[in-house]
Amino acid sequence: MNVIRKSRVTFRPVKPLIGAVVEADREALFDPEVVAQCRDMLEERTVLVMPQVHFTNEEQLAFTDLLGGRLNLTSEATTNKDEDVYQVTLDRKINRAPEYVLGTFFWHMDGMPMEMPPPLATLLSARRLAPKGGQTEFANSFAAYEQMPEAQRAEIEDLRIIHSVAASLRSIADAIPEAEKGKLAIGVEKERPLVQLHKNGRKSLIVGSTADRIVGMELAYGRAYIARLNEWATQPDFVYQHQWQAGDFVIWSNTGALHRVVPYARDSGRMMHRTSIAG
Ligand SMILES: [Fe+2]
């Protein structure tokens, strides 16, 4: 992609296959026409970066509402008064279920095991950074589908995957205290197609740590198959790593990108504010 200049906003590509930086005056970000251009570009580039915009919760919610229908994914988990803003932190005093946040150390898409259309987009503001770690990584899952050999695309086209909370927590399950397990929706799962067709006609792979097993496939075979799909989908050319500065605002297509965070310490103080858009 080349640099795209509109009247009030410029989109500058980050890497050939993923990401664009949004350059605009702060107030232009609340112009519905600019927001619509951002929405188109989101499907095109999967990740949009707005450096140093320092949104308040109110501004983040206003932008979220302009971009699409606001979705409250996990309000009961945090102690925030702006209940549509989820505080991403490992601090148990603020987030009652930090195990979900530990789960974000692994490649995933939000909301996959839940009984609803997967969220369309996720929006994240950096409030406090960790001294070490905490970068967010994104992998373009349109590219993962489109760059696959044709024979493999045909092989996976009709596969269906069971996504489960248990799968997303499997690699940290033995680190979760027994007393906390009841708060986590461990038994929740949802069957979804592996290949998702988007409104723009493109298809993306729906995989990640929530992908538990493949319908109709022997368990071990299916898990190995999923592991290989995850490796394929997160190869370096498809990935952008965002090095946060406080005040940065990043939006990504939840079903067009896998995401994860570089591990950071529980006492790091890292705090991100997340909003979501319904699918
Ligand atoms: Fe996430």
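Rings of Phe, Tyr and Trp (for Trp, its six-membered ring) form a pair if their centres lie within 6.5 Å; planes under 30 degrees apart count as stacked, over 60 as edge-to-face and the rest as tilted. Welcome to the exercises! The model is predicted, so local features need pLDDT of at least 70 and side-chain atom pairs count only at pLDDT 80 or more, while totals for chains, interfaces and linings use all residues. Residues are numbered from 1 along each chain as its sequence is written, and side-chain values use heavy atoms, with hydrogens and water left out.

**Exercise 1: Aromatic pairs**

Find how many aromatic pairs the whole structure holds, then classify the pair F30 and F55.

Step 1. Searching the whole structure gives eight aromatic pairs.

Step 2. For F30 and F55, the ring centres are 5.5 Å apart and the planes stand at 50 degrees, so this pair is tilted.

Step 3. Now place the two residues. F30 is in the loop between β3 (18-23) and α1 (32-45), and F55 is in the loop between β4 (47-50) and α2 (57-67), so the pair ties together parts 25 residues apart in sequence. Helices (H or I, at least four residues) and strands (E, at least two) are DSSP runs, numbered from the N terminus.

Step 4. Check accessibility. Buried means under 20% relative accessible area, exposed over 50%, and partly exposed in between (1.4 Å probe, protein chains only). F30, at 25%, counts as partly exposed, whereas F55, at 4%, counts as buried.

Step 5. Ring pairs also link F30, F55, F63 and F249 into a cluster.

**Exercise 2: The iron site**

Work out which residues coordinate the iron ion and where H108 and H259 lie.

Step 1. List the donors, which are N, O and S atoms within 2.8 Å of the metal (3.2 Å for Na, K and Ca); water is not among the atoms, so sites may look incomplete. Here H108 (NE2), D110 (OD) and H259 (NE2) coordinate the iron ion at 2.1 to 2.2 Å.

Step 2. Along the chain, these donors have the spacing H-x1-D-x148-H.

Step 3. H108 belongs to the loop between α3 (98-103) and β7 (121-128) and H259 to strand β16 (residues 257-261), so the pair ties together parts 151 residues apart in sequence.

Step 4. H108 counts as buried at 7% relative accessibility, and H259 counts as buried at 6%.
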